[in-house]
Amino acid sequence: MAYRVLIVDDSAVMRAFIRRIMLLSGIEAAEFLEAGDGGEALEILRREWVDVVLTDINMPGMDGEQLVRRLEQDDLLKSLPVVVVSTDRTESRVSQMISLGARGYVKKPFLPETLRAELERVLGASQ
Amino acid sequence: MTENRWGSMLGSTAEDVLETMFFTSIEPADADAPPNERRLAVRLWFTGIPSGKLTLRVSEASARSLASNFLAAETDDPLPDAQLEAVVCELANMICGALLSQVGGEAHFRLSSPEPVEPGDFDPDLRPMKSLNLADGHLELWLELEEHAA
C-alpha cells in the first residue's frame, strides 16, 4: 500500500532528508506533501487527505505541540496518525506529545530503520 | 559541570549526529583549523535549563561534503550556497537539541532558528570548546552558557 505523507518542518533540507530516508527505507509513498509549520499543515489537511503526518516540534509560527493539540480538537482530523520527529530526546517531552495525541516519536538523530519501524508500527496500528 | 565535561559531551554528541544523519566519521584527535581556510558559521540560542548559545563553524569543503551526504546530491554541480547554509543550520540544530536532551534532565527547552554568523562577529581570542577533524576539513563548536539567577 502506498501512503500519502505530510512532512511538517521549518527546514526544507530536513524535509528533503526525511523524504529520501523514507524512500530508501522501502516505505511506499504515493505522494509527499510538505508544510513549514503547523498552520500551513492545517491548511493542507483541510483540503487534502493524508495517511500520516510527520512533524517537528520546534518551529516558528505554530509549533508541533500546538499542531497536535489542534488536530486532537478537530473531529475530522483527530484520528489522523501523527509521528513527532524532534531533536528533543527527553522522556518528558516524548510522554507529553504522546499524551497530547501523537501516535509515535522519532528522536533526531535517527537511523533510517528507526523511522521505518516507527512508521510501520503507527500505520499498521491505524488500519 | 566542568568545561572539559561540556566539551567531551559536545564532541560525542556531534560525532553521533555526524555519523547517524550525515554518514560522516570524525578523526579521534582534536585539531585547530588552519587560519586561512574558508568557513561557514551559524549560531542558535536555546532557552530552558541551561540557556545559552551554540556556534558552529565548518570549513567550506567539509560543509559541501556534509550537505552532499545529507541530501544525497546526485549531481557534480556544486550545491547552491543557500542549501549549504541550510544543511549547516540543521546540523547545528541537531547537535544542540541532542546535547540539551542529555544535560537538561527532563526540563523542556526551546531552540531558536539557527542563523548565519558573519566572520566579524567572531571573537578571535575565543577558542572553540571542541574542534573536530573531518575527512576534508574541520568543524568547531562554541557553547556559551548563561548564568542562572539563584
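This is a predicted model: local features need pLDDT of at least 70, side-chain atom pairs count only at pLDDT 80 or more; totals for chains, interfaces and linings use all residues.

Colleague: How many helices and strands does chain A have, and what counts as one?

Modeller: Helices are DSSP runs of H or I with at least four residues, and strands are runs of E with at least two, numbered from the N terminus. On that basis chain A contains five helices and five strands, and its sequence reads β-α-β-α-β-α-β-α-β-α.

Colleague: Why is chain A called as compact as a globular protein of its length?

Modeller: The radius of gyration is taken over C-alpha atoms, and the globule rule is 2.2 Å times the number of residues to the power 0.38. For 127 residues that rule gives 14 Å, and the radius of gyration of chain A is 13 Å, close to it, so the description applies. Along the principal axes, the C-alpha atoms of chain A fill a box of roughly 35 × 35 × 30 Å.

Colleague: What makes the strands of chain A a sheet, and which of them stand at the edges?

Modeller: Two strands pair if DSSP finds at least two bridges between them. In chain A, five strands form an open sheet with parallel pairing, in the order β2-β1-β3-β4-β5. β2 (29–35) and β5 (104–107) of chain A each have a single partner strand, so one side of each lacks a neighbour in the sheet and they stand at its edges. From one strand to the next the twist averages 20°. For strand β1 (residues 3–8) of chain A and β2(A), the pairing is parallel over six bridges, and A:Leu6 stands opposite A:Leu33 in β2(A).

Colleague: Why are α2(A) and α3(A) called roughly parallel?

Modeller: Axes are lines fitted to C-alpha atoms, for helices over the stretch in contact, and angles run from 0 to 180 degrees between N-to-C directions. Angles under 35 degrees count as roughly parallel, over 145 as roughly antiparallel, 65 to 115 as roughly perpendicular and the rest as oblique. The axes of α2 (residues 38–47) and α3 (residues 64–72) of chain A cross at roughly 30° and come within 9 Å, which makes α2(A) roughly parallel to α3(A). A:Gly38, A:Ala41 and A:Leu42 in α2(A) meet A:Gly64, A:Gln66, A:Leu67 and A:Arg70 in α3(A); residues are in contact if their C-beta atoms, placed from the backbone, lie within 7 Å.

Colleague: How do you know whether A:Pro81 is buried or exposed?

Modeller: A residue is buried if 20 or more other C-beta atoms lie within 10 Å of its own, exposed if 12 or fewer, and partly exposed in between, with C-beta atoms placed from the backbone. A:Pro81 has 20 other C-beta atoms within 10 Å and is therefore buried. Its place is in the loop between α3 and β4 (82–86) of chain A. Of the 127 residues in chain A, 42% are buried.

Colleague: What is the corresponding result for B:Asn133 in chain B?

Modeller: B:Asn133 has 17 other C-beta atoms within 10 Å, so B:Asn133 is partly exposed. B:Asn133 lies in strand β5 (residues 130–134) of chain B. Chain B has three helices and six strands, and buried residues make up 39% of its 150 residues.

Colleague: Which residues join the two chains, and which element of chain B gives the most?

Modeller: The contact involves 21 residues of chain B and 21 residues of chain A. α3(B) gives the most to the side of chain B that touches chain A, with nine residues. That side has 10 nonpolar, seven polar and four charged residues, where Ala, Val, Leu, Ile, Met, Phe, Trp, Tyr, Cys and Pro count as nonpolar, Asp, Glu, Lys and Arg as charged, and the others, Gly among them, as polar.

Colleague: What makes α1(A) and α3(B) roughly perpendicular?

Modeller: The axes of helix α1 (residues 12–24) of chain A and α3(B) come within 8 Å and cross at roughly 80°. The two helices, α1(A) and α3(B), are therefore roughly perpendicular to each other. A:Ala12, A:Val13 and A:Met14 in α1(A) meet B:Gln83, B:Ala86, B:Val87 and B:Glu90 in α3(B).

Methods
Residues are numbered from 1 along each chain as its sequence is written. Chains are lettered from A and ligands numbered from 1 in the order in which they are written.
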